[in-house]
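Open the model in your viewer and keep the selection tool at hand. The stops below say what to select and what is there.

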Amino acid sequence: MPRILKTAKIKITTKCNRSCDFCIFADGAQGENMSQELFTTVLDRLETIPFQQLHINGGEPTVHRDFPALSTLARTRLPGRVMVLGTNAITLARNQRIMEATLRSYDQILIGCDDEHQNYDEVHAVVPRLRETGKTVVVNSVLEGISSTRLDQLAGLCASTGAIHVTNHVHHVDVGQPANELRGLCDRYLDQHLMIEMDGSCYRCFNAMAKDDSEFSIWDEDFAAKVFAPRGHHFRFCLRCHEYTDSGSTVVPALAT
Ligand code: SF4
């Protein structure tokens, strides 16, 4: 069977206009932006592999000073891919230029909304506008960080506008939980996600977050082959990952015999 990735995800910035306790992807105002040159190289590589969705994330991607230009470039260079923006919606509510860039380039908008994000007003302002223009909107609340009243209000907003409301638990975080017993390699995200970090390093998993633990980078000439090569080791973060699923195998997918 030909293999195809579900998601390629580019983190274009580690800057953010919020500082949520549970977030390990952003560095507030101290963060950095991916350069246009590196972003172009990432698109060059992504043109060589089959995948379905391009996620633009951060940090908060809309605070990247070149967000409109990068979004237009990705939409133009990768036609036919579903364009997905992960955002807290604060900039969309406050900046018309950023809203217009989003409406031009994205098909789906994924919005984190809870007490940590402190963005209830902005989300209530932005979701109807996005839905009016036919965008798919998913609002995601972390259950550890939201009251039942707020949850009900968001559920009402989504029901009345046709947005999707989902809830989740805190992921990606080492909160002192016991280490996983890593008996076999995790097969959870095989052929699902390729996450491209700010420095061009690549992880074939949405969750993998150990520093200096990437499998390969967008600079590798054999990038396309590496995306679909069998995986032979865990990431360091797998020890603490809430989503570890034991394949029972030392290589995934299992090598043909
Ligand atoms: S254990 Fe978690 S971080 Fe490791 S591959 Fe599975 S989903 Fe990814």
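Start by selecting residues 67-77, which form helix α2, and residues 96-105, which form helix α4. In this predicted model, the axes of the two helices come within 9 Å and cross at roughly 5 degrees. Angles under 35 degrees count as roughly parallel, and α2 and α4 are therefore roughly parallel to each other.

Next, show the side chains where the two helices meet. On the α2 side, select F67, P68, S71, T72 and R75. Their partners in α4 are R97, I98, A101, T102, R104 and S105. Coloured by class, this contact of α2 with α4 has four nonpolar, four polar and three charged residues.

From α2, go to the loop between β2 (51-57) and α2, and pick G59 there. What kind of peptide bond joins G58 and G59? The bond is cis, with omega at about 20 degrees.

Then select A89, in the loop between β3 (82-87) and α3 (90-94). Check the backbone angle phi of A89: the value is near 75 degrees. That is a positive phi in a residue other than glycine.

To place P253, look at the segment after α7, the helix at residues 223-227.

The last stop is the ligand. Where does the ligand sit? Its place is the largest cavity. Select the residues around the ligand: C186, R188, Y189, C205, N207, A208, R231, C238, C241 and Y244. How is this shell made up by class? Seven of its residues are nonpolar, one is polar and two are charged.

Terms used
Residues numbered from 1 in each chain as written. Predicted model: local features only at pLDDT ≥ 70, side-chain atom pairs only at ≥ 80, totals over all residues. Heavy atoms only, no water. Near = heavy atom within 4 Å. 1 Å grid on protein atoms, 1.4 Å probe; cavity = no way out; pocket = protein on both sides within 12 Å on 5 of 7 lines; lining within 4 Å. Sits in = over half its atoms within 2 Å of the grid points. Nonpolar A, V, L, I, M, F, W, Y, C, P; charged D, E, K, R; others polar. Axes fitted to C-alpha atoms, helices over the stretch in contact; angles between N-to-C directions. Helix = DSSP H or I, 4+ residues; strand = E, 2+ residues; numbered from the N terminus. Parallel < 35°, antiparallel > 145°, perpendicular 65-115°, else oblique. Contact = heavy atoms within 4.5 Å.
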